[in-house]
Amino acid sequence: MAQKPHILLVDDERSIRDPLSAFLQKNGYRVTGAPDAETARRALGANAIDMLILDIMMPGEDGLSLCRHVREKGDMPIILLTARSEETDRIVGLEMGADDYVVKPFSPRELVARIKTILRRAGAGNGREAAPPAARAFRFGDWSLNTDDWTLTGADDVAIPLSTADYRLLLAFLERPRQVLTRDQLLDLTQGREANPFDRAIDNQISRLRRKVEADPKAPTLIKTVWGGGYMLSADVTRA
């Protein structure tokens, strides 16, 4: 029998945590609940977790600190739960490598849709291991991206770590070089959702990616802003 994806749900409000856990279980997921970051850290050490759903505002260690800890350890998908007033924290969370966020109050069905999209792209969404893609390499400028092991290497042969969000965004550009991509297109390609008028997710992910691939992130030459249009990879790309 296929193994169900295992989600760690971290929220200090039991009135949210318990019914959401039950809803996710009814939709085919195993769920471990945690009321705080300390409990979540123990759960991460004791279980094979496929995804972290994490409230930002919690007593003690907050969700952003835990997000940073998890991202330093690897590329586990992370969805943040935020209040409407926490826009700055959402931006910080995305810069730390969170894959997506939902704003409270939210529809559990919308959250499940986000979960399915992210897990499918991470290879865990069907409850079984996804077939590994054929190894490919993209070369652009002084960089090379190996899609078999997600290794980004510069001219100095030093590997640059990529989060799941970084990798998906870079791959979207590499598969469409010199093509202007709007924020809506980039969100659809990387997260499977549309932007709202105030959504800054892609802009912040672009900034984070530029810090990794640009010689001067403030004067980018590879990932350029097209005013009124979106963003474009301004480089020739070769595939191997």
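Q: How are helix 6 and helix 8 oriented to each other?
A: In this predicted model, the axes of helix 6 and helix 8 come within 10 Å. They cross at roughly 85°. Angles of 65 to 115 degrees count as roughly perpendicular. Helix 6 and helix 8 are therefore roughly perpendicular to each other.

Q: Which residues in helix 8 meet helix 6?
A: By class, the contact of helix 6 with helix 8 has seven nonpolar, one polar and three charged residues. Helix 6 brings Ala165, Asp166, Leu169, Leu170 and Phe173. Their partners in helix 8 are Ile202, Gln205, Ile206, Arg208, Leu209 and Lys212.

Q: In what order do the five strands of the open sheet lie?
A: The pairing in this sheet is parallel. Strand 2 (30-34) and strand 5 (100-103) each pair on one side only, as edge strands. From one strand to the next, the twist averages 20°. The order is 2-1-3-4-5.

Q: Which residue in strand 3 stands opposite Leu8?
A: Strand 1 covers residues 6-10 and strand 3 covers residues 51-55. The two pair in the parallel sense over four bridges. Opposite Leu8 stands Leu52.

Q: Which strands does helix 4 touch?
A: Helix 3 (residues 63-73) lies across strand 3 and strand 4 (78-82), at about 160° to strand 3. Helix 4 (residues 87-95) also packs on the sheet. Its direction makes about 160° with that of strand 5. Helix 4 touches strand 4 and strand 5.

Q: Is the crossing of helix 1 and helix 5 left-handed or right-handed?
A: Leu20, Phe23 and Leu24 in helix 1 meet Pro108, Arg109, Leu111, Val112 and Ile115 in helix 5. By class, this contact has seven nonpolar, no polar and one charged residues. The crossing is right-handed.

Q: What is omega for the cis peptide bond that joins Lys104 and Pro105?
A: Most peptide bonds are trans. Pro105 is found in the loop between strand 5 and helix 5. A cis bond joins Lys104 to Pro105, with omega about -10°.

Q: Is Asp157 buried or exposed?
A: The place of Asp157 is the loop between strand 8 (151-153) and strand 9 (159-160). Its phi is near 65°, a positive value in a residue other than glycine. Relative accessibility is 65%, and the cut-off is over 50%. Asp157 therefore counts as exposed.

Q: What is the relative accessibility of Arg178?
A: Arg178 lies in the loop between helix 6 (164-174) and helix 7 (183-191). Its phi is positive, near 60°, in a residue other than glycine. Arg178 counts as partly exposed, because its relative accessibility is 46%.

Q: Is Thr153 buried or exposed?
A: Thr153 is found in strand 8. Not counting residues up to four places away in sequence, Thr153 touches Asp142, Trp143, Ser144, Val158 and Ala159. Its relative accessible area is 19%, and buried means under 20%. Thr153 is therefore buried.

Notes
Residues numbered from 1 in each chain as written. Predicted model: local features only at pLDDT ≥ 70, side-chain atom pairs only at ≥ 80, totals over all residues. Heavy atoms only, no water. Pairing = 2+ DSSP bridges. Axes fitted to C-alpha atoms, helices over the stretch in contact; angles between N-to-C directions. Contact = heavy atoms within 4.5 Å. Left-handed = near helix turned anticlockwise from the far one by under 90°. Nonpolar A, V, L, I, M, F, W, Y, C, P; charged D, E, K, R; others polar. Buried < 20%, exposed > 50% of the residue type's maximum accessible area, 1.4 Å probe, protein only. Parallel < 35°, antiparallel > 145°, perpendicular 65-115°, else oblique.
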